[in-house]
Amino acid sequence: MGSAAAADELQITNLRGNSVDLFGCDDLSKSVWRVSQSEFRGPGKFRGPWPATKEPDKPMFLRVVVNGDRYCVKAYLVEANTPVPATSAGGECQPKGGKQSKPAFSRGVGEGCR
Amino acid sequence: MRPAALVCFSVMCAVGCSGGAEQWKAKLPDIGLSSSKGEKATLLSELKPGQYQPSTVAIGEEKDLTRQRAQPFGFVRQARLEEFLSGIRARLLAVSGKTGVPGQVRIMASEEFNAYSTADGNVYVSMRCIEELENLDEVAAILAHEMSHVLLSHHTADLFADVQHRGRALYELGLDTKNMVNGNKKPPKGDRQGRDTAETVVRVTDKLVLPAWTRGQEKEADLLGVDLLIEAGYSPVAMISMLEKLRGWERTDEERNNALLARIQETGNQSWQEKGRVVYKDLLDRVAVNHPKTEERINETAAYLERHYGSRTLAEPRVGPWKAVVERPDVKQVMINYKLAFAAQAALENGKGQEAYSAAKKAAAGPTAADAYPNVVLSRVADALGHHPEAVSALVRAVNAKEPVALVYEELIDVHERSGNIKEALGWTDKASRVFADDPQWRPHKIRLLRKAGRVAEAAVATQECSLKTPDWKRLCERANRT
């Protein structure tokens, strides 16, 4: 795959739906690229998986690195390999360990709340 | 990813990304949903506002609640939790445009991750769901989905008939189990084996006597649910995370289903084995054929959300309000105790008697000391360990519980029948019939017991009455009359 990210790093492993817009993280109203499934799975610059991190101030988005550039994606339109830290909404929860495959939006608003 | 989803994705976006998104967005095919519903407009915008028209198969809100108590393990009554759920339900209905929608919310003592609604607008959510859902918005999502089935008038005579059919088939399977146990010449082993098998049947019943919506109906309920969430100020993405939890549960459940089938095979009774396997498989397949894959539902919900609300700033899921409820000491202790009761039952099934006993003792204490389900479990565990007086007193507490549990009545009828105390068994049958709003499931019991008591003429009358009043149960009643 396109990235040599560590196995325990948060990665986007699947796009949910036809395609996903990549936004500039400083302006989430503007789509910079639209990446299709075939591009995500194909050999080009948009090939996944994409390393990702949580956007602390924008819990509905994830920050991703695509071909060396940083973008933001809507969390509900992608699936990740591992639980994503909780949103800022509750504030009480911390991310859990574990490497099981998990859709991005299962982020824990609750992960680690047990 | 499942094949269906792959098919869906394979037709997506053959356009290359050689420029900014805005340039080629218009070239993309609008794949979206497999049917036109929800493509051009939201489902809420297509829902005709005004007075709610009750379903033709509605039997009345209260009667429905009473009947649904006959689900194997009954309800968990926790006032604060019910009040909280009812508040969410009301908020969702308020934005639907429909007025006069009947119904209440109840929590089922079930460890399956499920919820369902009935034609009377009542919504039933399992205790397992309550445990698994992690924020206010996920709770709202499951209620929004179920209320959408009600608002979209999905409860039709066909659906009702299908649920009834499966209920009868499972009842028959249970009846055969009892006959098998009663016919066993080796009481100690047979008793244990019979109990295990009966428990298997109950678990199967718990799984399958739920509405098996069509793919279209399930999808519509997801999508209208998203609309309701948005309009009521909840986070619509919770519909997706709730479905992800369902998917996670289904994966675990598949393993349990296979274990169930294996246990049916282990009963040692060949005819029952075959019958059990065929009926169970048939029922499971029927549900599976109609029920859409959760993966598809997640993708379709995400696509719908993006299509209609993608440009909006969506509300975030809120942990706080839900946590505030489930961590209240009174609510938390009830949840812990039911979790212990489920764990005790599982430990018992796995032959870990002492572990089961320890959990069951804790489960039937404090706020749930007088609840039916924890006491049923304690009774079973105590009985298995040879603590018979404790088993009896737990069963007495279960039968005297405020919320009746059909399973307790079934067990009492069975115990008395097997010990030859037919009069007592008949008494419990009559009582069960009263308690569960004359649910037809008690009729074959009554007919069989009347015959055993030598009251053949009364049995014949009861059989005729059964055939006339509840024609769906005719065959089972006639069969009972040949006992």
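Author: Start with strands. Two strands pair if DSSP finds at least two bridges between them. Strands of a sheet pair through backbone hydrogen bonds, either parallel or antiparallel. Keep in mind that this is a predicted model.

Reader: In what order do the four strands of the open sheet in chain B lie?

Author: The order is β2-β4-β6-β5 in chain B. The pairing in this open sheet is mixed.

Reader: Which are the edge strands?

Author: An edge strand pairs on one side only, and here β2 and β5 (115-117) of chain B do that.

Reader: How many bridges join β4 to β6 of chain B?

Author: Four bridges join them. Strand β4 covers residues 105-108 of chain B and strand β6 covers 123-126, and the two run parallel. Look for Ile107(B): Val125(B) of β6(B) stands opposite.

Reader: Which strands of chain B does α5(B) lie across?

Author: α5(B) lies across β4 and β6 of chain B. Its angle to β4(B) is about 130°. Helix α7 (residues 136-151) of chain B lies across β5 and β6 of chain B. α7 runs at about 30° to β5(B).

Reader: Now two helices. How do α21(B) and α22(B) pack?

Author: Check the angle and the distance between axes. Helix α21 (residues 443-452) and helix α22 (residues 456-469) of chain B pack at about 160°, with their axes 8 Å apart. Angles over 145 degrees count as roughly antiparallel, so α21(B) and α22(B) are roughly antiparallel to each other. Their crossing is left-handed.

Reader: Which residues make that contact?

Author: α21(B) brings Arg443(B), Lys446(B), Ile447(B), Leu450(B) and Arg451(B). From α22(B) come Val456(B), Glu458(B), Ala459(B), Ala462(B), Thr463(B) and Cys466(B). By class, the contact of α21(B) with α22(B) has six nonpolar, one polar and four charged residues.

Reader: At what angle do α20(B) and α21(B) pack?

Author: About 160°, with the axes of helix α20 (residues 422-435) of chain B and α21(B) 10 Å apart. That makes α20(B) roughly antiparallel to α21(B). α20(B) passes α21(B) in a left-handed crossing. Ile422(B), Ala425(B), Leu426(B) and Thr429(B) of α20(B) meet His445(B), Lys446(B), Leu449(B) and Lys452(B) of α21(B). The contact of α20(B) with α21(B) counts four nonpolar, two polar and two charged residues.

Reader: At what angle do α10(B) and α13(B) cross?

Author: Roughly 40°. The axes of helix α10 (residues 215-231) and helix α13 (residues 294-309) of chain B come within 10 Å. That angle makes α10(B) oblique to α13(B). The crossing is right-handed. Among the residues in contact are Leu223(B) and Val226(B) of α10(B), and Tyr304(B) and Leu305(B) of α13(B). The contact of α10(B) with α13(B) has six nonpolar, one polar and five charged residues.

Reader: Step back. Which domains does the assignment give for chain B?

Author: Domain 1 is 56-327 and domain 2 is 330-480. Their contact takes 30 residues from domain 1 of chain B and 26 residues from domain 2 of chain B.

Reader: Which elements of domain 1 supply at least two residues of the side that touches domain 2 of chain B?

Author: They include α4 (61-68), α5 (79-94) and α9 (187-208) of chain B. α8(B) gives the most, with six residues. The residues on this side of domain 1 of chain B divide into 13 nonpolar, five polar and 12 charged.

Methods:
Residues numbered from 1 in each chain as written. Chains lettered and ligands numbered in written order. Predicted model: local features only at pLDDT ≥ 70, side-chain atom pairs only at ≥ 80, totals over all residues. Domains from an automatic or database assignment. Contact = placed C-beta atoms within 7 Å. Nonpolar A, V, L, I, M, F, W, Y, C, P; charged D, E, K, R; others polar. Axes fitted to C-alpha atoms, helices over the stretch in contact; angles between N-to-C directions. Parallel < 35°, antiparallel > 145°, perpendicular 65-115°, else oblique. Left-handed = near helix turned anticlockwise from the far one by under 90°.
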